[in-house]
Amino acid sequence: MNKEESSCKEEVFNSLYRELSPALRNFIFFKSGDNDQSFDIVQEAFIKLWNNCGKVPPSKAKSFLYTVSNNLFLNTVSHRKVVLKFRKDKKQELNEQSPQFLLEEKEFGERLSDAISELTEMQRTAFLLNRVEGKKYKEIAEILGISEKAAGKRIHDALAALRTKIEKI
Amino acid sequence: MKKKDLLDKWLNGELTPEEFEVFRTIPEFSSFIKIDSFVREVELPRHDVESGLEDLAARKSHLTTRQKPKLIKLATVLKIAAALTLLAATYLFVSNYEIGTTTEFTQTELYQLPDNSRVFLNENSKIELKGFNWKNNRLVDFHGEGFFEVQKGSSFTVQTARGSVTVLGTKFNVVSNQFGLEVSCYEGLVRVDQDDISIELPAGRSITLEGGNLDLDDLHTLEPGWIHNESRFDDRPILQVISVLEDEYGLTASTENIDVNLRFTGGFPNDDLVAALQAITVPFELNYTIENKDAITIFNTKDSE
């Protein structure tokens, strides 16, 4: 009976932010590799949602936010090289392993980071959404506005490119 | 199952344990697993939802305070003011717009009022009335002499410098000049107001207000004489009679040796100067000379006793 609640309502809007902003932040971070910039874009995107809350019901908010964020990212003047870092502290137990092994691990991380930065922006985003966020092809396809097949292809390509780059050295 | 399909299933987390056993036999397996283990540990921005919401609230309020102030442009104000001024000016003009007519010497005129009432103006008379919404407030400003035939309706008032006449019935004659106010009611009922005097005048009666004097008289005719090109008088001072003569014929009348207390009852035609002069002079045993067409003299040959 009740129509869907309006995005203009403060509680509705805030719950959308709680639900969608963390993943959106990562999405932009995968594209830009810039902590501050990804925050700004997320905030800008939600401001745009607020200004258009009458036209965008909560069910459409997610795709609106991803589209707007992507446009905001593309509009930024300079795209830096995306250099990702990997947490080492998780490998605490491994620290007691041989120094040789630790060195190899560090080296591998650096090579992987290099390789990721050399991926195309489209490959990297799809790949990281899948591997880091655990999103399936279907959801990635929705976010990026492409087919599931194309999403799978990008991830395959990314994986193949990373493996080749890492093993070549 | 093909390698590509296995990879898809692995990436989507949909491998069954049996399929996983197959997957781990492919040559790239160890590479994939190692890459995956690193990538899963990528350092992500620490996104604090609550501080993000606060930041958002700040941006929103900034947004609203920046957009809110509604400026009314001076030009808009001026436009509105101009429109109002124009309206007010139009109203003043229309509501004060006066129509009417004036008669010159020796000229009479029939003037039709907006409600089809009629006024016969004798010479040297003037009628003025508001052109706007007159029918709801029938008031005319009047000077001179006029015969009014008033249509039925709301009250009808003739305002003169010497008092006002309000119509309660129909036909009446008004004379307002330097001598006083004279009202003759031929049909119906009129009310005559002067200062604090208020008199209802029935048909067949006339009233003369002259200085502080008030005279009520009977009428013997159904219409004033001048309508038929005659001037009629009922016990009027001789000078007033001569003044009417001057008006009617458009000339200057001089008097010599005349008793100003003489009072005249009777009439004279307005289109025959000699007959008119005789009508005035004969009863008083006066004489007259016509100097030219613009001047006459009325004089008394007998020495006053």
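## About the model

This is a predicted model, in which local features need pLDDT of at least 70 and side-chain atom pairs count only at pLDDT 80 or more, while totals for chains, interfaces and linings use all residues. Residues are numbered from 1 along each chain as its sequence is written, and chains are lettered from A and ligands numbered from 1 in the order in which they are written.

## The two chains

Let's start with chain A: you'll find 7 helices and 0 strands there. Helices (H or I, at least four residues) and strands (E, at least two) are DSSP runs, numbered from the N terminus. Chain A has 169 residues, and 33% of them count as buried. Buried means that 20 or more other C-beta atoms, placed from the backbone, lie within 10 Å of the residue's own.

Chain B has 7 helices too, but also 18 strands. Of its 305 residues, 23% are buried.

## Where the chains touch

Here, 26 residues of chain B are in contact with 35 residues of chain A. Being in contact means that the C-beta atoms of two residues, placed from the backbone, lie within 7 Å. On chain B's side, α1 (3–11), α3 (29–39) and α4 (49–67) each give two or more residues. The largest share, 8 residues, comes from α4(B).

What kinds of residues are on that side of chain B? They divide into 13 nonpolar, 4 polar and 9 charged. Ala, Val, Leu, Ile, Met, Phe, Trp, Tyr, Cys and Pro count as nonpolar, Asp, Glu, Lys and Arg as charged, and the others, Gly among them, as polar.

Now zoom in on α7 (residues 148–168) of chain A, which packs against α3(B) at an angle of about 100°, with the axes 10 Å apart. The axes are lines fitted to C-alpha atoms over the stretch in contact, and angles run from 0 to 180 degrees between N-to-C directions. The two helices are therefore roughly perpendicular, a label for angles of 65 to 115 degrees.

Who meets whom? A:L159, A:L162, A:R163 and A:E167 in α7(A) meet B:S31, B:F32 and B:I35 in α3(B). By class, that's 4 nonpolar, 1 polar and 2 charged residues.

## Back to the strand pair

Conventions
Parallel < 35°, antiparallel > 145°, perpendicular 65-115°, else oblique. Buried ≥ 20, exposed ≤ 12 C-beta atoms within 10 Å, placed from the backbone.
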